[in-house]
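Please look over the model below. My notes follow it, point by point.

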Amino acid sequence: MNSNITSRIIGTGKYKAPGVLTNHDLEKMVDTNDQWIRERTGIIERRIAPSDILTSDMATVALKEALEMAGKSPNDLDMIICGTVTPDVPLPATAAFVQKKIGASNMCPSFDISAACAGFIFGLSIADNFIKTGKAKTVAVIGVEMLTRFMNFEDRNTCVLFGDGAGATVLTADTTGKGILSTHTYTDGSLTGLLEIPGGGSKYPPSAQTIANKLHYITMEGRETFKVAVKNLSEAAETALSFNGYTSDDVGVVAAHQANMRILTSVSNRVKIPMEKFAITIDRYGNTSSASIPISLDEAVRGGRVNDDDLILMIALGGGISWGSALVKW
Ligand code: ACO
């Protein structure tokens, strides 16, 4: 193993779904209002994919953009990793469909990660380890979610929060000292009940009864998840920085999971990184789970917010409860 190898992000891309669902639209569907949603979450609108588009289609668009920026072709990929909890089908993996749709004919291993909103960070961590150990040179890591198809649009506790979208990155082996400096990933399996889609698996296989009981929709204990998120995301940020000998002053951009603006401001206060450094997309995309970090990163990169040598802090938490961080030197 060459210890000088790092995994450098050389391309980013995204799929921005064309449909827009505003808070005012939701006022007509459930007992809610624009002011509550803005004040409690920071969301103004969320994106919805057309009905003929699949999760793998969104991922493929995002990956195509990322490959173009990277100057790589599909067959350069040694691995395709998709973070998603809203796959095309339970079997096979969404990443396998992406491999075909992007035109990678090189049989590269392609698989999904189920870590909810932390799926992209978990994917980065796996890609980084394959690259650092020389087992892969160029890897695609995608975060993609079609959450609005798993949403109970009669439940105001959840339906105002989520949106559809995809973000992708292309990583390659590098020896200049730039790239992923560290990843840290965690799961607390005692908290599985906080966020779940109960039906459709071996516990409640699909049946007329599970549909009648609405078990195929996302459920969340929002208040408890909020507390866990602020604590764990802050600790993850602090660990990422101290592990690498940095302080909060050194951070250039924070690409954090976009679940709730109040979570982000609480983390900002705790870890003492000003909100101006956070790449914010929740206002326009809603919570896109595993897609939110790569979408925010892509917007920051294409918007000219990320400069050479900038330190980028990524933090995410989601169902599992799973969470983690990545610290990247751009
Ligand atoms: N409109 C109006 N009122 C509402 C709405 C709504 N859309 N939703 C809930 N309310 C009401 C509730 O019924 C409750 O009323 P009550 O006091 O009469 O019972 C009141 O508002 C407060 O409800 P809370 O749940 O305490 O509201 P809170 O301020 O906690 O906000 C939210 C809810 C936005 C869900 C917040 O808790 C949150 O963001 N939690 C964390 C989400 C998160 O981080 N998820 C992880 C990633 S997602 C993933 O992994 C897929």
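**Notes on the model**

1. Helix 8 (residues 222-243) has the length it should: at 1.5 Å a residue its 22 residues should span 32 Å, and its end C-alpha atoms are 31 Å apart, which agrees. The expected span is 1.5 Å times one less than the number of residues. Helices (H or I, at least four residues) and strands (E, at least two) are DSSP runs, numbered from the N terminus.

2. This is a predicted model: local features need pLDDT of at least 70, side-chain atom pairs count only at pLDDT 80 or more, and totals for chains, interfaces and linings use all residues. Residues are numbered from 1 along each chain as its sequence is written, and side-chain values use heavy atoms, leaving out hydrogens and water.

3. The buried residues of helix 8 include Phe-226, Val-230, Leu-233 and Leu-241. Buried means under 20% relative accessible area (1.4 Å probe, protein chains only). Among the elements covering them are strand 8 (179-187), helix 9 and strand 12 (311-318). Contact here means heavy atoms within 4.5 Å. Gly-245 follows helix 8, with a positive phi near 75°.

4. Phe-278 sits in the loop between helix 9 (261-271) and helix 10 (282-285). Its relative accessibility is 3%, so Phe-278 counts as buried. Leaving aside residues up to four places away in sequence, Phe-278 touches Val-254, Ala-256, Leu-264, Ser-268, Ile-273 and Arg-305. Phe-278 and Val-253 are 25 residues apart in sequence, yet 5.9 Å apart in space, C-alpha to C-alpha.

Notes. Buried means under 20% relative accessible area, exposed over 50%, partly exposed in between (1.4 Å probe, protein chains only).
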